[in-house]
Protein chains: 2
Amino acid sequence: MATAEVLPPVLPPAVASITADSLATIALLQTSSLTVLVQQDIERAILAGEYAPGTKLVETALAEKMGVSRGPIREAFRMLDEAGLVRTEKNRGVFVRDIPIDEAIEIFDLRAAMDELVGRQLAKSLTTAQHKEIKSLVDAMERAVKSGDTRTYHLLNLKFHDRLVEMAGNRKLTAIYRKLIKELALFRRLNLADGWLMPISAGEHRQILKAIASGDPEAAGRAMYDHVMESKERTIANDLRRQTRGPETVANREKRVA
Amino acid sequence: MATAEVLPPVLPPAVASITADSLATIALLQTSSLTVLVQQDIERAILAGEYAPGTKLVETALAEKMGVSRGPIREAFRMLDEAGLVRTEKNRGVFVRDIPIDEAIEIFDLRAAMDELVGRQLAKSLTTAQHKEIKSLVDAMERAVKSGDTRTYHLLNLKFHDRLVEMAGNRKLTAIYRKLIKELALFRRLNLADGWLMPISAGEHRQILKAIASGDPEAAGRAMYDHVMESKERTIANDLRRQTRGPETVANREKRVA
DNA sequence: TGTCACAAAATTGTCAACAATCTGCAAAAA
DNA sequence: TTTTTGCAGATTGTTGACAATTTTGTGACA
């Protein structure tokens, strides 16, 4: 069946690094089509903020930049559209989606229901190893609060919730949850949690862990639900404050700091 | 800005039907691209069972059948893949997805949490007009039970849940709920509810309406949650029975009837 | 000065051709 | 007989070209 394998069993040390690199590229191209690679790269760029919400994504520009033709780009656009990260207007182009506050609120409500399910489930199934892992995340977050490191706190917070959802063992739930988180990242007014709110959020995390560890599904579910809803309220309040003091500009920030 | 509109304001009666048809087609093409039309048609065909789960969808065949080139077909495939209705294997093609029982169970669990949210919400917000509409659906379902019309019951059941979700007023929730229902339609062992289970399901529907109308969010949420979980149990039991008696064949069915 | 019409440029929508890969089958080898 | 090898056809992956549409720029004209 198989004609001789392309990959040599052993690598000449001299070219090891280059060959290992191209090997990885080859392996990637053998499992993923260009479309998928393009899709992942555009998604990464969007989530990293390289393309701000509202930005128009031009097929030819992206095609040239990534060294492929427009076909894969267009197919990737269709995937990103279905995933809710971009919006397509016929004959006008695709744009990075801008999640309005209404939709962000809806997502929070939905997330709350999903996280409640997660809490209930974990109260029944959490292993000691899992408990240990979550506890280390909670501890790390509290350290971040003490040192005022909002960026680290933000990342740990994402990881904390993602791991909990994953541990619940429902793959469909996990997949949809992650999609929602990605969309929420496009809610530009979200940004990082403001510093003075971190202690409250961190305290809720510890309480969640306690509720789950207690083995009481209803308590754990409620703790998760309440936490997400509190987070929603904080986000709305944040948004309102930003709107009243106008869009974020350097001048504005300096005025505020002074 | 606008050059003269293509569409004549009044139609010559003689060719009205033909022209009306092509007018509709033209209007459709002005808002939707071929890709979207193709996507919708394939999706409809899949959900209608014209392409059974596992069926391979060949690009060239579909392109010729629908009178377009392969480009729009491929783009539609990427959308359907992201939506979970087909699965793509590199260099091998796309296949109509076959939802395994595990995933169906996961979807039921997730749906239960979402429907619980719906129940809680509606207990607080249901208008009299909405109550009336839902009640008419429940009544119609009970009539279908009496006359043993499983097909009508099935459709009304879908409508019942879809309307409830829609009435909850969370568009994101509605969109994801509908996606899940579509995927569930690909769980081939689901099929229609077996006749003798309809009365139970119908009773639960009436109870849901009552709980929502009572205005008690927790009771309404629990009624919805329980109903979906019961539905899940019935589906699993159904699947087990089918598996033990082997795949559905004419011979098998006749043996069972005899 | 503003705005309308109209041409030019840029961009998207669609298509057909070419390249790469897989599948099935028959012939050759063990 | 069983396994392997080597085509030939079919199918997918990718590309570049052309058509249709929108956007932009420009100048005439009120």
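Guide: This is a predicted model. Let us begin with chain A, where three strands make an open antiparallel sheet in the order E1-E3-E2.

Visitor: What makes E1 and E2 of chain A the edge strands?
Guide: Strand E1 (56-57) and strand E2 (86-89) of chain A each pair on one side only.

Visitor: How do you know that E2(A) and E3(A) are paired?
Guide: Two strands pair if DSSP finds at least two bridges between them. E2(A) and strand E3 (residues 93-96) of chain A are joined by four bridges in the antiparallel sense, so they meet that cut-off. Within this pair, A:Arg87 stands opposite A:Phe95 in E3(A). H4(A) packs on the sheet, where it touches E2 and E3 of chain A, and its direction makes about 115° with that of E2(A).

Visitor: Why is A:Met79 called buried?
Guide: A residue is buried if 20 or more other C-beta atoms lie within 10 Å of its own. A:Met79 has 24 other C-beta atoms within 10 Å, so the label applies. This residue lies in helix H4 of chain A.

Visitor: Which residues is A:Met79 in contact with, leaving aside its neighbours within four places in sequence?
Guide: They are A:Gln39, B:Arg78 and B:Glu82. As for A:Val36, A:Met79 is 43 residues from it in sequence and 9.0 Å from it in space, C-alpha to C-alpha.

Visitor: How many residues of chain A are in contact with chain B?
Guide: 25 residues of chain A are in contact with 25 residues of chain B. On the chain A side, H4, helix H5 (101-125) and helix H8 (171-185) each supply at least two residues. H5(A) gives the most, with nine residues. By type, the chain A side divides into nine nonpolar, five polar and 11 charged residues.

Visitor: What does the sheet of chain B look like?
Guide: It is an open sheet of three strands in the order E1-E3-E2 (chain B), with antiparallel pairing.

Visitor: How do you know that E1(B) pairs with E3(B)?
Guide: Two bridges join E1(B) to strand E3 (residues 93-96) of chain B. The cut-off is at least two bridges, so E1(B) and E3(B) count as a pair. The bridge partner of B:Lys56 in E3(B) is B:Phe95. On the other pairing, four bridges join E2(B) to E3(B), and B:Arg87 stands opposite B:Phe95. The hairpin of E2(B) and E3(B) has three residues between the strands, and there B:Asn91 takes a positive phi near 65°. H4(B) lies across E2 and E3 of chain B and runs at about 115° to E2(B).

Visitor: Which residues come nearest to DNA strand D?
Guide: Of the 19 residues around DNA strand D, A:Leu34, A:Ser69, A:Gly71, A:Asn91 and B:Gly93 come nearest. H4(A) gives the most to the surface near this DNA strand, with three residues. That surface divides into five nonpolar, eight polar and six charged residues.

Notes:
Residues numbered from 1 in each chain as written. Chains lettered and ligands numbered in written order. Predicted model: local features only at pLDDT ≥ 70, side-chain atom pairs only at ≥ 80, totals over all residues. Near = placed C-beta within 6 Å. Nonpolar A, V, L, I, M, F, W, Y, C, P; charged D, E, K, R; others polar. Contact = placed C-beta atoms within 7 Å. Axes fitted to C-alpha atoms, helices over the stretch in contact; angles between N-to-C directions. Buried ≥ 20, exposed ≤ 12 C-beta atoms within 10 Å, placed from the backbone.
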